[in-house]
Amino acid sequence: MKDNDTAVGNADMITKPLHTLDHIRKSFNDSTDRTGRAQMGQFLTPATIARFMSSMCETFPQEVRILDPGAGAGVLFAALVDALISRKNRPLSIEVVAYETDSAILPFLKETVKRCEALCTSNGISFRGIVRHENFVSDAIAETSDSLFAVPGTRYTHIILNPPYKKINTQTAMSKRLYAAGLEVANLYAAFVWLSTRLLEPGGGIVAITPRSFCNGPYFKKFRVAFLGMVNLTRIHVFVSRKKAFGDDDVLQENIIYHAVRGLRKAKSVVISTSDGLDFEKGHTQSVPYSRVVHPNDPDMFIRLGLDAADLGLAERMKCFTSSLSKLGLGVSTGRVVEFRAREHLREPREQGTVPLIYPYHFEYGFINWPIESGKKPGAIVSSSETADLLIEAGFYVLTKRFSSKEQQRRVMAAIYDPARIDAGLVGFENHLNYFHKQGKGLPADLAKGLALYLNSTLADQYFRLFSGHTQVNATDLRKMPYPTYQQLLRLGGHVKEAMPDQEIIDAIVEKECESRG
Ligand SMILES: C[S@@+](CC[C@H](N)C(=O)[O-])C[C@H]1O[C@@H](n2cnc3c(N)ncnc32)[C@H](O)[C@@H]1O
């Protein structure tokens, strides 16, 4: 199918609904304001992506039932209808159920349904389009819950969706309803995918475009376990450059597209493709064993996406680091001092009866620099029986920042807490930090230095990004990283003197350590 969106004749408007959908998207975007759209999670899919998503569908029954939850102007189901009727083996009938809560977009949606109807009729296919101006989440919970009051409804052969993206506030009625239905999710998009999957008939296929943040991290674990338990993941498409998937809508999340088939049998492999933005034609595709995407014994069921040639090379280079935190006898935990809970105990440095409280702003050249006079945050915490649980014995610790902005070059940033530089018997680590320790206490000095150098290497940072789609650096993610052996860490630590070396030198040291082993 050629992109011909600018020259659309009247006949085409009926027979080729997709040709007009980018116009609808544009006129809707022009007639509504961007902030309002962002608040509603209303990022409409460009027709090119919709077509690409439809091309992933694998099942072609005679009677097709399509669900598009959060349908917007209907581009996704229209693309799927178009793809199905363009096949040699056309279905006999197509039914589309489209959910949409926003009244402003309904006229556009109804228009798309009409066009699909015209298209099907002109091709001799019976068509029924149902627009539900209702909350998909409530309906889907009612239809799929195990309770006696469940209303069993239609099951679908195809589900195609670009759901709304919105953090779920735990205090809302929506969140309580989801929780009561056994759906613990951090973001609305995951609730949509989860509920949709429940509505698939066995053998039916779901294709979704969502942020990739669900692929790892603790907040989406329940979703991953439930989703991967219900389906057979067949395809994943990764956008290798950011912000391009939705063009004019400034979406910060990284998106992925995935296709899965409802059923318990697991495929041996997953087809993974990448493209730079919307340039699907020039993309890279490869088949990867399922066990490499979701490791068989991984209780967290991370979905690992690191896959193109450069990434595979990276994974290959990381093989020189064969150890793990548990083998090293080390642990990593999140800083215990949550500012707003400990507010009454926070003080200025050097006040009587206080100990250092370390924040990310104390990172300087790979070490902790404390106190900083101009620090905006308190910098110290009272040491008392009330704060005893928040403090730990002074020693060598490696700290990493939990949050980085997308603009920052590195995601993993590490610094050493050196007890010789800070005169204190106890210390508090603020909650925006993770700290590496040995059974809750400090590490040997050279080991800490080696660990910080390794974490600050480009190799470790890039590897981390491979399987982490979001900007947070969670302790769970850090536990999953491969690490150098004890001896390697000691050797690496020998290179850290008064300050962390420059990036190029760190990378050369780490590279050399790999070579000497190989
Ligand atoms: C990200 S947009 C995508 C729209 C369309 N699927 C597309 O790809 O262009 C998500 C849509 O879901 C709608 N929506 C948000 N919450 C909803 C809910 N609870 N039930 C049904 N639709 C909802 C929004 O109004 C918005 O149009």
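Setting aside neighbours within four places in sequence, Arg 198 is in contact (heavy atoms within 4.5 Å) with Thr 144, Arg 155, Ala 181, Leu 183, Met 230 and Arg 262. With Ala 181, a polar atom of the Arg 198 side chain lies 3.4 Å from the backbone oxygen. Before going further, please note that this is a predicted model, in which local features need pLDDT of at least 70 and side-chain atom pairs count only at pLDDT 80 or more, while totals for chains, interfaces and linings use all residues. Residues are numbered from 1 along each chain as its sequence is written, and side-chain values use heavy atoms, with hydrogens and water left out.

Arg 198 belongs to helix H9, residues 188–198 (helices are DSSP runs of H or I, at least four residues, numbered from the N terminus). Now look at helix H7, residues 136–144: its axis and that of H9 come within 10 Å and cross at roughly 35° (axes are lines fitted to C-alpha atoms over the stretch in contact, with angles from 0 to 180 degrees between N-to-C directions). Phe 136, Val 137, Ala 140, Ile 141 and Thr 144 of H7 meet Leu 188, Phe 192, Leu 195, Ser 196 and Arg 198 of H9.

H9 also leads us inside. The largest nonpolar core has 51 residues, and H9 gives the most to this core, with eight residues. Such a core is a set of buried (under 20% relative accessible area, 1.4 Å probe, protein chains only) Ala, Val, Leu, Ile, Met, Phe, Trp, Tyr and Cys residues joined through side-chain atoms within 4.5 Å.

Notes
Helices (H or I, at least four residues) and strands (E, at least two) are DSSP runs, numbered from the N terminus. A polar contact is a pair of N or O atoms within 3.5 Å; within protein, one must be able to donate a hydrogen and the other to accept it, and residues adjacent in sequence count only if both atoms are side-chain atoms. Buried means under 20% relative accessible area, exposed over 50%, partly exposed in between (1.4 Å probe, protein chains only).
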